[in-house]
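Okay, thanks for coming, everyone. Let me put the structure up and walk you through a couple of spots in it.

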Amino acid sequence: MDPNAGERPLNSQYFTEGAVLLVDKPQGWTSFDVVNKLRGKIRSLFQLKNIKVGHAGTLDPMATGLLIVCTGKDTKRINEYQDRSKAYTGTVTFGGTTPSYDAETEIDATFPFEHITPELLEQAKEKFLGEIEQVPPMFSAIKVDGQPLYKMARKGESIKVEARKVHIYDINFTRIELPEVDFEVHCSKGTYIRSLAYDLGKALKSGAYLSALRRTKIGEFEVDKAKSVSEWVEWMDGKNQV
């Protein structure tokens with residue numbers, strides 16, 4: 001839902017004055033796809049040629065879950081929302097690596113994983129708790145000389161990516177059925193769960209990639225309070241007819 005909704009009437013001012021829409025992003029959509037869809041709906045319903053709409057924290061196309069979408073004056077708060085800690089659930093698949101560190105690209109190397117035990121997983125995770133230095137994946141939106149890394153990666157280019165400090169508050173393993181391991185992670189902004197999966201594979205003398213990811217929280221905002229894109233569109237249509 002919109003945490004700021006209250007009893008405000010749904011009209012053009014509702015969005016220009018500022019709204020915060022909690023969206024449960026579907027798999028296969030980019031974060032921009034979500035913003036574009038909602039912006040288009042707002043424009044068409046309320047005849048708004050210019051309405052600012054943005055999101056607070058990108059989710060990869062493969063990932064699902066909480067995306068905060070801000071409109072109008074509330075787009076000024078995007079950085080504030082981005083700075084908050086995040087919580088995720090997902091699956092790491094051991095025994096292989098991919099160039100993107102997730103299932104978006106094909107496996108490029110295979111490794112043994114039969115030696116991995118619950119005890120070894122618990123020991124390995126200790127290396128990643130607290131403040132750590134993490135190297136973002138080449139397939140990311142980080143810009144170097146004005147160009148996103150993922151565009152360079154798709155051209156087969158490879159450059160050195162500087163490590164960044166992030167904070168991992170907690171990691172829990174919720175299902176261990178090798179080669180798959182389900183997890184819960186609570187972390188700071190800027191953390192790449194794909195890199196965490198890749199690094200965990202290396203720490204266990206194997207390889208690993210992220211095969212599923214869902215963002216469940218951003219600060220105090222929870223995905224359980226979010227609507228799907230289609231539900232937001234239906235909500236706007238319904239409110240507009242009242």
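So, the chain has 7 helices and 13 strands; helices here are DSSP runs of H or I with at least four residues, strands are runs of E with at least two, and both are numbered from the N terminus. Just so you know, this is a predicted model, where local features need pLDDT of at least 70, side-chain atom pairs count only at pLDDT 80 or more, and totals for chains, interfaces and linings use all residues. Residues are numbered from 1 along each chain as its sequence is written, and side-chain values use heavy atoms, with hydrogens and water left out.

Of the 242 residues in the chain, 48% are buried, meaning under 20% relative accessible area with a 1.4 Å probe, counting protein chains only.

Now, K86. You'll find K86 in strand 4, residues 86–94. A polar atom of the K86 side chain does sit 2.8 Å from the backbone oxygen of Q82. Beyond four places in sequence, the residues in contact with K86 (heavy atoms within 4.5 Å) include Y81, H186 and R215.

Last stop, A226, in the loop between strand 13 (221–222) and helix 7 (229–241). Buried or exposed? A226 is buried, because its relative accessible area is 18%. A226 and K25 are 201 residues apart in sequence, but 9.2 Å apart in space, C-alpha to C-alpha.

Definitions and conventions. Buried means under 20% relative accessible area, exposed over 50%, partly exposed in between (1.4 Å probe, protein chains only). A polar contact is a pair of N or O atoms within 3.5 Å; within protein, one must be able to donate a hydrogen and the other to accept it, and residues adjacent in sequence count only if both atoms are side-chain atoms.
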